[in-house]
Structures are given as structure tokens and as C-alpha cells.
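Trainee: I'm new to this one. Could you show me how to read a few of its features?

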Amino acid sequence: MSEIDVTFMYAVHDAFQRDLERLAAMAEGGDASGAAVEAGWERFKAFLHVHHTAEDTHLWPVLRAKGASPAVLDRMEDEHAGLEALLDAVGGAVAAGAAEQLADAARLLADELGDHCEHEEQDALPLVKELLTVQEWKAFGAEQRHQVGSPAMFFPWLLDGADPGMRRRVFDAVPPPVRVLHRFVWSPRYRRAPRWHAPLSA
Ligand SMILES: [Fe+2]
């Protein structure tokens with residue numbers, strides 16, 4: 001079906017939120033330094049940067065050229081820019097290994113990023129569906145894949161903690177070998193690597 005499939009947009013937004021929830025919970029438990037905290041932060045920053053850069057270069061300008069609401073697009077760009085200071089605050093707390101500071105900064109970032117993703121889903125995705133061609137949408141996806149490079153870490157990160165419905169939708173949207181690679185190679189490797197863990201009560 002030649003329709004725009006926004007599965008990955010929702011999956012990525014969910015993964016960002018899940019990640020920050022884990023970071024905040026770890027910091028609240030006094031865990032603010034070490035390989036897992038640092039590796040998780042580097043991974044989160046890299047994937048968020050890829051996602052927002054691709055939106056800034058391959059989504060908002062394309063929609064703007066097609067006459068989409070400037071107010072919505074301005075807000076998307078402003079919100080991206082506004083997150084930088086909060087990202088810096090989390091980065092500073094990670095570098096300092098300061099648990100209380102990290103917990104506060106991670107919660108603030110989680111709130112702001114959560115609001116931004118919600119605005120995007122409510123206000124920008126309808127414009128995407130209305131105005132973008134399937135090719136333009138695929139070019140946005142291809143740009144993210146290009147910037148991510150190997151999917152070996154991205155895929156298990158994306159699906160770590162995703163509910164069964166989302167997992168199914170993601171696997172339905174990719175070529176079948178991805179599921180096999182994920183199960184037997186990428187996911188086991190990801191699970192052995194330092195990363196943020198879900199709180200025990202979750
Ligand atoms: Fe997004």
C-alpha cells in the first residue's frame with residue numbers, strides 16, 4: 001500500500017521517553033556514573049541528534065515549501081532548539097557523576113521532550129500525511145538510516161521495552177531478515193553491552 005507509514009516516528013519517540021525514564025530512575029537510585037550511565041547517554045544523544053537533524057533537514061523544510069502551517073513548523077524548530085540547554089544540563093550532570101543533579105535534569109528533559117513529541121504527533125504528523133509524498137517520507141527515513149549507520153545497535157535500542165503491538169508494527173515495516181538478525185545477533189550483543197536498565201519494579 002502506498003501510504004505513509006509513521007510507525008517509526010512513534011517507536012522512536014517512545015524509545016526516547018523510555019530511555020529518559022530509565023536514566024532518571026537510575027539517578028534517583030544514586031547511580032550517576034560508570035559505563036552503563038555513560039554509554040546510555042552517548043547512545044541517547046546520538047539517536048536524538050540523528051532524529052532531530054533529519055527532521056530539520058528533510059521534514060520541516062519540505063513541508064514549509066508545500067505551504068504547511070508556518071506556526072506549527074516554527075514551533076517544531078523552536079522546540080528542537082529549546083531542548084539543547086536541557087541536553088547540556090544532563091550531559092553536565094553525567095560528566096560530574098552528580099546523582100541528584102542528574103535526576104532533576106533527566107526529569108526536566110523527559111518532560112520537555114515528551115511535550116515536544118506530543119506536539120509533533122498531534123500537529124505535524126497530520127501535515128506530513130496530508131502534504132508529503134511517499135518518496136519524500138522515505139527520503140526522511142533514509143536520511144536517518146544513513147546517519148545512524150549500522151542498525152545493529154539502533155534496532156535493539158528501539159525495541160528495548162517496546163510493547164508487543166509496537167514490536168509487531170516495527171517488524172512489519174522492515175525486510176524479514178531484520179527480524180532474524182535482531183533476534184540472533186543484534187539483540188544478544190546489545191544486551192551484553194553497557195546500557196540503561198529498566199527499574200526493577202517496572
Ligand atoms: Fe520526531
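Predicted model: local features only at pLDDT ≥ 70, side-chain atom pairs only at ≥ 80, totals over all residues.

Trainee: Which backbone oxygen does the side chain of Trp137 reach?

Mentor: That of Asp5, at 2.9 Å. Trp137 itself sits in helix H6, which covers residues 134-148.

Trainee: Is Trp137 buried or exposed?

Mentor: Buried means under 20% relative accessible area. Trp137 has 11%, so it counts as buried. Leaving out residues up to four places away in sequence, Trp137 touches Ile4, Asp5, Val6, Met9, Leu59, Leu125, Val128 and Leu132.

Trainee: And what about His13, buried or exposed?

Mentor: His13 is buried because its relative accessibility is 3%. You'll find His13 in helix H1, residues 7-28. Beyond residues up to four places away in sequence, its contacts are His51, Glu55, Cys117, Glu120 and Glu121.

Trainee: How should I think about a nonpolar core?

Mentor: In soluble globular proteins, nonpolar side chains tend to be buried together. Here the largest nonpolar core has 43 residues, and Phe44, Leu102, Leu109 and Phe155 touch the most other members.

Trainee: Which element gives the largest share of this core?

Mentor: H1 does, with 9 residues. There's also a second, separate core of 18 residues, including Ile4, Ala68, Val72 and Ala124.

Trainee: What does Phe155 touch?

Mentor: Setting aside neighbours within four places in sequence, Phe155 is in contact with Phe8, Val170, Phe171, Val174, Val178, His182 and Trp186.

Note on methods. Residues numbered from 1 in each chain as written. Heavy atoms only, no water. Helix = DSSP H or I, 4+ residues; strand = E, 2+ residues; numbered from the N terminus. Buried < 20%, exposed > 50% of the residue type's maximum accessible area, 1.4 Å probe, protein only. Contact = heavy atoms within 4.5 Å. Polar contact = N/O pair within 3.5 Å; in protein donor to acceptor, adjacent residues only side chain to side chain. Core = buried A, V, L, I, M, F, W, Y, C linked by side-chain atoms within 4.5 Å.
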